[in-house]
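Hi everyone, thanks for coming. I'd like to walk you through a few packing details in one model, so please have a look at the screen.

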Amino acid sequence: MKRQLRTVHSGFFQSIQPARGVSLRSSVRYESFSGVAAHPKVNQVLDEETDSVFERITHTQTQSKTRRLYNGIAIKKNAHDAEKNELSNNVDSQSLLVDSFGRMHNYLRISLTEKCNLRCRYCMPEEGIPLAPKSEMLTTEEIVFLSKLFIDQGVSKIRLTGGEPLVRRDIVELCAEIGKQKGLEDLCITTNGILLERKLDGLIDAGVNRINISLDTLVKPKFEFITRRKGFERVKQVIEKAAISDLDSVKVNCVVKRRFNDNELIDFVHWTQDLPVEVRFIEYMPFDGNRWNPDAVVPYYEMVDTIRKSYPDFGRQRNQDGANPTSKTWRVPGFKGSVGFISSMSKHFCGSCNRLRITADGNLKACLFGSHEVSLRDLMREQSADVDSVLKGISESVGKKHRSLGGYDTPEDIAKAENNREMIRIGG
């Protein structure tokens with residue numbers, strides 16, 4: 001990482017032992033629903049997640065399986081070189097993350113949780129979603145292990161997503177463990193910003209150098225409508241605080257929907273006059289349960305035309321796009337900030353895609369829109385688990401990646417598909 005990291009939480013991998021005299025009841029299942037919560041302390045509850053005795057016992061059993069895998073592949077803090085040799089014994093690491101179209105995947109997005117303290121209408125159904133049992137979620141050790149495994153295969157950028165990743169109590173410690181891995185250049189987080197203010201400094205100290213914050217409107221009533229929650233001022237203020245922090249970049253993600261917030265494009269652009277952030281306008285995309293309608297999509301070229309009516313010198317900045325860009329960068333001359341457009345629907349960028357996703361329950365998705373998944377969690381938890389079985393699972397997923405749009409021809413075809421996940425269960 002680019003900045004000096006501080007040691008955080010030395011007891012990070014200590015086991016949670018079951019209480020004396022307590023036995024695990026196999027019939028116990030932890031399930032809850034992400035429906036609209038009316039309790040005034042819902043954010044506090046989500047932020048300060050507490051486990052029942054039985055959840056802790058289940059977690060401990062899963063940790064034991066992960067440790068067997070760790071021991072089997074010699075994961076040790078001071079054995080990086082030996083470890084890389086072992087990882088590459090039977091698998092060609094040069095081609096493992098290269099798909100059949102020659103695309104190298106060096107960017108990994110990891111969803112840390114399906115839980116969220118907002119209920120954004122484009123992200124999940126109005127009635128919410130059933131959450132998977134905690135025992136099916138990746139443990140902290142498994143997340144760190146997979147991060148290291150992918151870094152050793154060539155991943156240089158990791159983004160932590162959700163749900164809302166900051167509802168995890170151990171988010172700072174987790175970032176510190178991932179951020180100290182050799183070979184990682186960027187550790188990023190995508191957040192809704194509700195809990196960021198009090199965690200921002202700790203995340204930066206832990207190695208996070210890029211943060212994306214979601215904000216779809218600059219109008220408070222609209223914010224509360226689309227998120228079904230309060231918190232507009234808190235999000236706007238933390239964006240302004242993050243913009244002047246030590247972060248390498250701060251981006252504001254804005255999903256644009258016709259007849260909802262497409263009349264705010266100019267206001268967002270004006271915001272970048274004195275604020276050194278990149279506002280990214282994202283075309284509305286279809287996911288299971290979000291009632292996508294093509295009429296609600298405001299295409300990239302239309303947004304540019306709208307902005308140029310107020311800012312005629314609004315210009316393209318191709319040199320700022322970077323490698324494997326998802327966002328097309330534009331800027332008003334003299335403004336401190338910039339504007340990006342993510343044109344997933346009108347002008348997709350699948351040809352240069354370098355991204356892989358791991359869901360909170362441990363499935364590897366090679367494409368955001370594709371339905372094919374490989375359970376890395378199950379491969380790690382098998383009794384006979386070894387590193388090669390996990391690597392072969394990764395290779396299988398990457399090898400089956402389609403050329404574009406998950407194998408579908410049009411956005412309408414994606415919307416009709418019934419075998420993909422809701423966005424909150426994929427990871428933003």
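**Two helices crossing**

Let's start with helix α4 (residues 140-153) and helix α12 (residues 387-399): their axes come within 12 Å and cross at roughly 70 degrees. Axes here are lines fitted to C-alpha atoms, for helices over the stretch in contact, with angles from 0 to 180 degrees between N-to-C directions. Helices are DSSP runs of H or I with at least four residues, and strands are E runs of at least two, numbered from the N terminus. That angle makes α4 roughly perpendicular to α12 (the range is 65 to 115 degrees).

Who makes the contact, meaning heavy atoms within 4.5 Å? On α4 they are Leu146, Leu149, Phe150 and Gln153, and on α12 Val387, Val390, Leu391 and Ile394.

A word on the model: it is predicted, so local features need pLDDT of at least 70 and side-chain atom pairs count only at pLDDT 80 or more, while totals for chains, interfaces and linings use all residues. Residues are numbered from 1 along each chain as its sequence is written, and side-chain values use heavy atoms, with hydrogens and water left out.

Next, helix α5 (residues 171-179): nine of its nine residues are buried, that is, under 20% relative accessible area with a 1.4 Å probe, protein chains only. Glu173 and Glu177 are among them. These buried residues pack against α4, β2 (157-161), β3 (186-191) and α6 (200-205).

Finally, the sheet: 12 strands form an open, mixed one. β7 (315-316) and β12 (374-375) stand at the edges, each with a single partner strand, so one side of each has no neighbour in the sheet. Pairing takes at least two DSSP bridges, and β11 (residues 363-365) pairs with β12 in the antiparallel sense over two bridges.

Key. Parallel < 35°, antiparallel > 145°, perpendicular 65-115°, else oblique. Contact = heavy atoms within 4.5 Å. Buried < 20%, exposed > 50% of the residue type's maximum accessible area, 1.4 Å probe, protein only.
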